[in-house]
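Thanks for coming. Please have a look at the structure first.

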Amino acid sequence: GATHASMLGMLARVETETGDYAKAMEHARAAIAEVIQVFPDGGKDEAWDQLALALALLGDKHAAEAVAPATRSVELYRRVSGEQHWRTAEARGVLGLAFSGLGRKNEAARELDFAIAILEKERPYMPIVDDMRQARRRLR
C-alpha cells in the first residue's frame with residue numbers, strides 16, 4: 001500500500017545519495033507503481049516517488065529519461081502544494097538539472113532560476129540547492 005510505497009521512495013532517495021542508482025531506480029519505479037494503485041489520480045506521494053526516480057536517473061547520467069518523471073513531479077506538486085511551494089520549486093529545479101544535462105539552456109535556466117529563488121529562502125540547507133547553483137553557473 002501507500003506506506004510500503006513511501007518506504008520504497010525513501011529508500012530510493014538514500015540509494016541515490018550513496019550512488020546505488022540501479023537499486024534507486026528499481027525502488028522508485030516500484031514505489032510509483034504501488035502508489036498509483038492506491039491514488040490513481042496522483043498526489044504528493046507519487047510526486048515524491050517521481051522525483052526520486054528523476055534524481056536516480058540524473059545520478060546515473062540519464063538526463064533524457066529524467067525529464068518525464070521530473071515533469072510529472074512538477075505537475076503533481078503544483079496541483080497539491082501550489083506553484084510557490086518549496087516542493088514544487090525542488091521538482092522544477094530537478095527538471096532544470098535534466099534540461100541542463102541535455103544542453104537545453106533556456107529551459108534549464110528558467111527552471112533553475114525559479115527553484116533557486118524559492119529554495120534559497122525556504123530550504124537553503126538542502127544539498128541539491130548547491131547542485132542547482134552550480135548547474136546554473138555552467139549555463140552562463
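Which residue forms a salt bridge with Arg78? The partner is Glu83, and the closest N and O atoms are 2.4 Å apart. By salt bridge I mean a side-chain nitrogen of Lys or Arg within 4 Å of a carboxyl oxygen of Asp or Glu.

Before going on, some notes on the source. This is a predicted model, where local features need pLDDT of at least 70 and side-chain atom pairs count only at pLDDT 80 or more, while totals for chains, interfaces and linings use all residues. Residues are numbered from 1 along each chain as its sequence is written, and side-chain values use heavy atoms, with hydrogens and water left out.

Back to the pair. Glu83 is partly exposed at a relative accessible area of 27%, and Arg78 is partly exposed at 35%. Here buried is under 20% relative accessible area, exposed is over 50%, and partly exposed is in between, with a 1.4 Å probe and protein chains only. Arg78 and Glu83 also belong to a network of salt bridges that links them with Arg92, Arg110 and Glu111.

Next, Glu120 and Arg133 form a salt bridge at 2.8 Å, N to O. Glu120 sits in helix H6, residues 105–122, and Arg133 in helix H7, residues 127–138, so the pair ties together parts that are 13 residues apart in sequence. Helices are DSSP runs of H or I, at least four residues, numbered from the N terminus. Glu120 is partly exposed at 39%, and Arg133 is partly exposed at 23%.

Glu107 and Arg104 form another salt bridge, at 2.8 Å, N to O. Over the whole structure, the search finds 11 salt bridges.

Terms used. Helix = DSSP H or I, 4+ residues; strand = E, 2+ residues; numbered from the N terminus.
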